[in-house]
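Hi,

Here is the model I promised to pass on.

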Amino acid sequence: MSGDEIFDVVVIGGGGAGLAAAIEARAAGRDVALLEKNDALGGSTAWSIGSITASATPHQLGKGIKDCPADHWRDMAGFNGDLDPRDNPALRRILAEEMPDTFRWLLGHGVRFVGPMPEPPHRKPRMHNVLPNSRSYIAHLGRAAHKAGIAIRCGTRAIDLVIDGERVVAVDCDGAGGRRRYSARGGIVLATGDFTNDPELKARYMGPQEAKVEGVNATATGDGQKLAVRLGARILNGDLALGPELRFIPPQQSNPLLLLPPWRVLADFMAWSLEHMPGALLRPFVMSFVTTALAPSPGLFAQGAILVNRSGERFIDETDKPAYAVPDQPDGVGYIILDQRIARQFSDWPHFISTAPGVAYAYIDDYRRNRPDLFTTAATLDALAGKLAMPAGSLTKTITHYTASAGNRPRLDAGPYVALGPVRAVFVHAEGGLAVDHDHRVLGPGDAPIAGLYAAGSTGQGGLLLKGHGHHLGWAFASGRRAGRNAAFAAITPDNV
């Protein structure tokens with residue numbers, strides 16, 4: 001192949017895990033290439049809410065909170081429930097123990113946070129929210145990667161791993177200039193995220209209905225998992241995911257909060273404001289984020305709201321995994337129908353329409369003000385159907401039938417009526433990652449490490465359960481740093497022969 005390049009470490013994937021791996025490998029004095037299939041860095045990290053959960057942070061210490069990794073490790077198990085036997089306690093311990101230093105590493109690169117926020121079953125507040133948004137991770141770490149001299153190749157998709165004997169030595173990629181080979185003296189780090197938007201892997205590990213559901217990140221297609229499985233690696237917990245769940249369609253115009261530049265001075269000002277300014281002044285600004293594309297509360301359906309399709313037909317028991325049925329509906333969307341009683345009920349705590357944990361709760365009036373594209377109201381069901389371009393009489397027929405068969409469930413009663421939507425079904429993230437050892441080496445046949453191959457983040461989740469907010473991003477950065485260092489130490493260069 002023409003134009004082949006040789007490095008000490010090659011990292012595949014330009015999200016949080018990949019950037020962390022590349023920066024740490026470069027800090028060890030190695031020549032590093034970072035390959036990203038998209039036109040820009042970001043990955044699922046850039047799509048996230050941005051929470052990081054950690055113990056013994058400066059933010060905790062500043063509020064007099066005494067915490068430690070051992071307690072963090074124990075509390076994480078409280079999220080597992082019946083799935084606890086499928087967890088990887090050893091990797092969970094690595095995450096908990098690495099997070100205090102990883103949190104400070106992020107601070108050192110200019111990332112700023114507000115918090116910590118409580119999230120049971122954590123016994124101490126540990127959730128820290130990034131400011132001003134999740135783009136901050138990519139902006140600051142991307143700048144650090146450029147400054148360190150890492151060779152960043154966007155628009156470069158990994159096609160196949162190259163084996164020499166029993167060792168992975170290179171990766172073949174397609175890019176604007178055609179096929180090119182990137183060789184690695186030390187190792188290749190797979191950091192390509194999960195497979196929430198890959199129908200093939202979802203069908204294999206989850207089922208045919210799940211395969212119809214799209215991921216929040218359209219380019220999360222399990223590229224790293226597929227590359228490694230060809231060499232005999234295996235995927236653990238491939239059937240587990242956050243989702244499918246209902247999400248409001250995002251606004252056509254980008255959210256102002258998500259457009260804020262990740263300047264350090266702006267993040268510091270936001271942190272001060274959130275600590276000191278009256279909530280009433282901050283609420284309109286915060287609501288512009290909490291009403292974007294978050295999940296509607298299941299409490300809506302518990303109180304009697306119903307889910308209909310574009311034809312005005314109710315198609316599922318709303319309390320029984322409604323997101324699974326949405327992909328089969330016209331255009332793959334639905335609408336949540338509320339009456340006057342439910343609308344009033346969801347105007348104040350404890351009944352909220354959506355929430356960003358540790359940030360705020362959004363109520364019916366917040367959607368009326370901030371998302372007129374999602375909020376439709378009318379005095380009668382027929383008028384509401386007309387505004388939604390549904391067949392005449394469809395909603396009246398649906399509600400009449402529902403009222404007659406609702407049993408003990410709350411029923412829709414008097415108008416005015418409200419429709420919230422469209423909503424669609426999505427996967428937020430999947431737990432299915434490659435089996436790895438404690439050094440983040442990918443395990444092949446017989447659970448023997450595949451020489452020269454490492455995995456980090458969701459790609460190298462190794463059976464670790466990451467329920468609760470802030471753990472997936474924490475694992476991305478912590479495992480990325482470790483995998484990058486280990487690949488760097490394995491490099492054979494003139495300096496360490």
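Of the 497 residues in the protein chain, 55% count as buried, where buried means under 20% relative accessible area, exposed over 50% and partly exposed in between (1.4 Å probe, protein chains only). Before you read on: this is a predicted model, in which local features need pLDDT of at least 70 and side-chain atom pairs count only at pLDDT 80 or more, while totals for chains, interfaces and linings use all residues. Residues are numbered from 1 along each chain as its sequence is written, and side-chain values use heavy atoms, with hydrogens and water left out.

The overall picture

The chain holds 16 helices and 23 strands; these are DSSP runs numbered from the N terminus (helices H or I, at least four residues; strands E, at least two). Its accessible surface comes to about 20,200 Å², and 54% of that belongs to carbon and sulfur atoms (Shrake-Rupley method, 1.4 Å probe; for residues, only the protein chains shown count as cover). If you take the contacts with a separation of 6 or more, 74% are between residues 24 or more positions apart, a contact being heavy atoms within 4.5 Å.

The largest nonpolar core has 118 residues, and V10, V171, I188 and L420 have the most contacts inside it. Such a core is a set of buried Ala, Val, Leu, Ile, Met, Phe, Trp, Tyr and Cys residues joined through side-chain atoms within 4.5 Å. Leaving out residues up to four places away in sequence, V10 touches A33, L35, V171, Y182, S183, A184, G187, I188 and V189.

A184 itself lies in strand β9 and counts as buried, at 9% relative accessibility. With the residues up to four places away set aside, A184 touches F7, D8, V9, V10, V169 and A170. From A184 to D31 is 153 residues in sequence but 9.3 Å in space, C-alpha to C-alpha.

Strand β5

Is β5 enclosed or open? 5 of the 5 residues of this strand (residues 127–131) are buried, so β5 is largely enclosed by the rest of the structure. Both faces are covered, with M127, N129 and L131 buried on one side and H128 and V130 on the other. β5 pairs with strand β3 (residues 51–53) in the antiparallel sense over 3 bridges; pairing needs at least two DSSP bridges between the strands. T53 has M127 of β5 as its bridge partner. Strand β4 (residues 112–117) also runs antiparallel to β5, joined by 4 bridges, and here R112 is partnered with L131.

D75 sits in helix α3 (residues 69–76) and is buried, with a relative accessible area of 5%. Not counting residues up to four places away in sequence, D75 touches P121, H122, R123, K124 and R126.

In helix α16 (residues 471–489), 16 of the 19 residues are buried.

Lastly, T192 is in the loop between β9 (178–190) and α6 (199–205). The T192 side chain reaches the backbone nitrogen of G224 at 2.7 Å. Apart from neighbours within four places in sequence, T192 is in contact with I12, G13, D223, G224, Q225 and T459.

Cheers

Definitions and conventions
A polar contact is a pair of N or O atoms within 3.5 Å; within protein, one must be able to donate a hydrogen and the other to accept it, and residues adjacent in sequence count only if both atoms are side-chain atoms.
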